[in-house]
Amino acid sequence: MLFFSYFKDLVGREVTVELKNDLAIRGTLHSVDQYLNIKLENTRVVDQDKYPHMLSVRNCFIRGSVVRYVQLPADGVDTDLLHDATRREARGG
Amino acid sequence: MSWAGPEDIFLSTSLASYLDKKLLVLLRDGRKLMGILRSFDQFANVVLESASERVIVGDLYCDIPLGLYVIRGENVVLIGELDLEREELPPHMTRVSSEEIKRAQKAEKDATDLKGSMRKRMEFLDFD
């Protein structure tokens, strides 16, 4: 639940999602769910020439199970808040 | 994907906003399917109507019609909404027949197999 809550706070920010098949997609985080499925808007593929089929895709749904990384802006993280939340979760879990 | 009220469709990660739209579905095996989303569930199982597979080899491509498809969610990588006002593919790409794309696929596979076998033969040399 911790990362779900964390991503909910990041809705509206620009992120780059790197998938396990090495495809990397940059876009605005539209929504996230309990499985950490991600919906991105205004998407651009990082290496567009390698993935011509993605040219006209502007919004997409990404299944949580295929995500390798979610790259965030450095100021996207309030590390203190995250540390506190993690400690609380560790204590409760 | 939790069930949401009608107004939540605009904010949630549900695939409901993609219903009856033409989509691009990327599968784990690298296939690219296109079709109209007719149904989905919490596992991202998906029903695509008028599905076709877009096979791309280099600058050549071919759309192979498949009909009505049910895709098991575990194979789904990404579901993308195709913007009808934009070109689906770069202009330098040429559409070819399914026979030609199959030949191109075989040629590409033979080239990678050859590269693999050449590498295996060189392995004994043990360059650092």
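**Notes on the predicted model**

1. Let's start with confidence: chain B has an average pLDDT of 88, and 89% of its residues reach at least 70. (pLDDT is the predictor's confidence in each residue, on a scale from 0 to 100.) This is a predicted model, where local features need pLDDT of at least 70, side-chain atom pairs count only at pLDDT 80 or more, and totals for chains, interfaces and linings use all residues. Residues are numbered from 1 along each chain as its sequence is written, chains are lettered from A in the order written, and side-chain values use heavy atoms, without hydrogens or water.

2. Now the aromatic rings. Over all chains, the search finds two aromatic pairs (ring centres of Phe, Tyr or the six-membered ring of Trp within 6.5 Å; planes under 30 degrees apart are stacked, over 60 edge-to-face, the rest tilted). A:Phe3 and A:Tyr6 are edge-to-face because their centres are 6.4 Å apart and their planes stand at 90°. A:Tyr6 also pairs with A:Phe7, this time tilted, with 5.7 Å between centres and 45° between planes. A:Phe3, A:Tyr6 and A:Phe7 make up one aromatic cluster.

3. Finally, look for charges over rings (NZ of Lys or CZ of Arg within 6 Å of the ring centre and within 35 degrees of the ring normal). A:Lys8 has its charged end over the ring of A:Phe4, 4.5 Å from the centre. The charged end of A:Lys39 sits over the ring of B:Tyr18, at 4.9 Å.
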